[in-house]
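The following note collects several points on a pocket, a hairpin and a few individual residues. Please read it alongside the sequence and the coordinates.

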Amino acid sequence: MFFNDGQGNFVEDNAPLSFNMQNLQVSGLAQADYNNDGFVDLALSAEDFNLLDPESGSLLLSGEGRPLLFKNEGNGNRWVSFKLEGTQSNRMGIGAQLTVHTRQGIQVREVVAGSSFMSNESPWPAFGLGKARFGFVKVKWPPGSKEIFFFRANSSKTLVEGQGYRPKFRKSHR
């Protein structure tokens, strides 16, 4: 597994895994906060497989297919998640871009559908906020309209298209 070190890098650390995944044939991976605790969990789809020696045809390795759920136990940091409701665009806000601003920094996510083979991401983007207690999110809806919504940490917030603050964005004159 790779973890974000907060400095723009990902560091490999397999210590949190309680079993060996080396011989696992993975066919899909999705992330979602299945227990609504604010920490994104992982669901992995594994397949039955038999790896045969190409010359002799003898069995080299086999694996049993099964779904695996990795519960994120959290770390004491704060979080926010959003459910989008489109009124002018599609009803789930697929294609919307969310930019979260806090004192801890800026994060960007896009609401997607069909993100992985044999699995899908949660349509409710989640953001880790570190120690930040509040912030705002800029939403660019699929038709191109932009809105700002304010939030408090450790909450799930529904963002309804047309109900956010719509600032007057100036066009640059270059």
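1. The lining of the second largest pocket in this predicted model is made up, by class, of six polar, five nonpolar and three charged residues. The space in this pocket amounts to about 230 Å³. Of its 14 lining residues, Asp 33, Asn 36, Ser 81, Ser 122 and Trp 124 are the closest to the centre.

2. Which strands each supply at least two residues of that lining? They are strand E3 (26-32), strand E8 (78-85) and strand E14 (155-160).

3. Asn 36, one of the residues closest to the centre of the second largest pocket, belongs to the loop that joins E3 to strand E4 (41-46). Its backbone deserves a remark: Asn 36 is not a glycine, yet its phi is positive, at about 55°. As a rule, most residues other than glycine have a negative phi. Is Asn 36 buried or exposed? The relative accessible area of Asn 36 is 63%, and because the cut-off for exposed is over 50%, Asn 36 counts as exposed.

4. A positive phi is also found at Asn 154, likewise a residue other than glycine, with a value near 60°. Asn 154 sits in the loop between E13 and E14. Its relative accessibility is 42%, so Asn 154 is classed as partly exposed; that class covers values between the 20% and 50% limits.

5. Strand E12 (residues 134-140) pairs with strand E13 (residues 146-152) in the antiparallel sense, and the pairing runs over seven bridges. Within it, Phe 134 has Arg 152 of E13 as its bridge partner. Five residues lie between the two strands of this hairpin, and in the hairpin Gly 144 adopts a positive phi near 110°.

6. Where does Pro 167 lie? Pro 167 is placed in the segment after E14. Its relative accessibility is 19%, and since buried means under 20%, Pro 167 counts as buried. Although 19 residues separate Pro 167 from Ile 148 along the chain, their C-alpha atoms are 7.7 Å apart.

7. For the colleague who inspects the model, the backbone points to look at include Asn 36, with its positive phi of about 55°, and Asn 154, with phi near 60°. Gly 144, in the hairpin of E12 and E13, may be viewed alongside them, with its positive phi near 110°.

Conventions:
Residues are numbered from 1 along each chain as its sequence is written. This is a predicted model: local features need pLDDT of at least 70, side-chain atom pairs count only at pLDDT 80 or more; totals for chains, interfaces and linings use all residues. Side-chain values use heavy atoms; hydrogens and water are left out. On a 1 Å grid over the protein atoms alone, a cavity is a set of points where a 1.4 Å probe fits but cannot get out, and a pocket is an open set with protein on both sides within 12 Å along at least five of seven lines; lining residues have an atom within 4 Å of a point. Grid points are joined across faces, edges and corners, and a volume is the space filled by probe spheres set on the points. Helices (H or I, at least four residues) and strands (E, at least two) are DSSP runs, numbered from the N terminus. Ala, Val, Leu, Ile, Met, Phe, Trp, Tyr, Cys and Pro count as nonpolar, Asp, Glu, Lys and Arg as charged, and the others, Gly among them, as polar. Two strands pair if DSSP finds at least two bridges between them. Buried means under 20% relative accessible area, exposed over 50%, partly exposed in between (1.4 Å probe, protein chains only).
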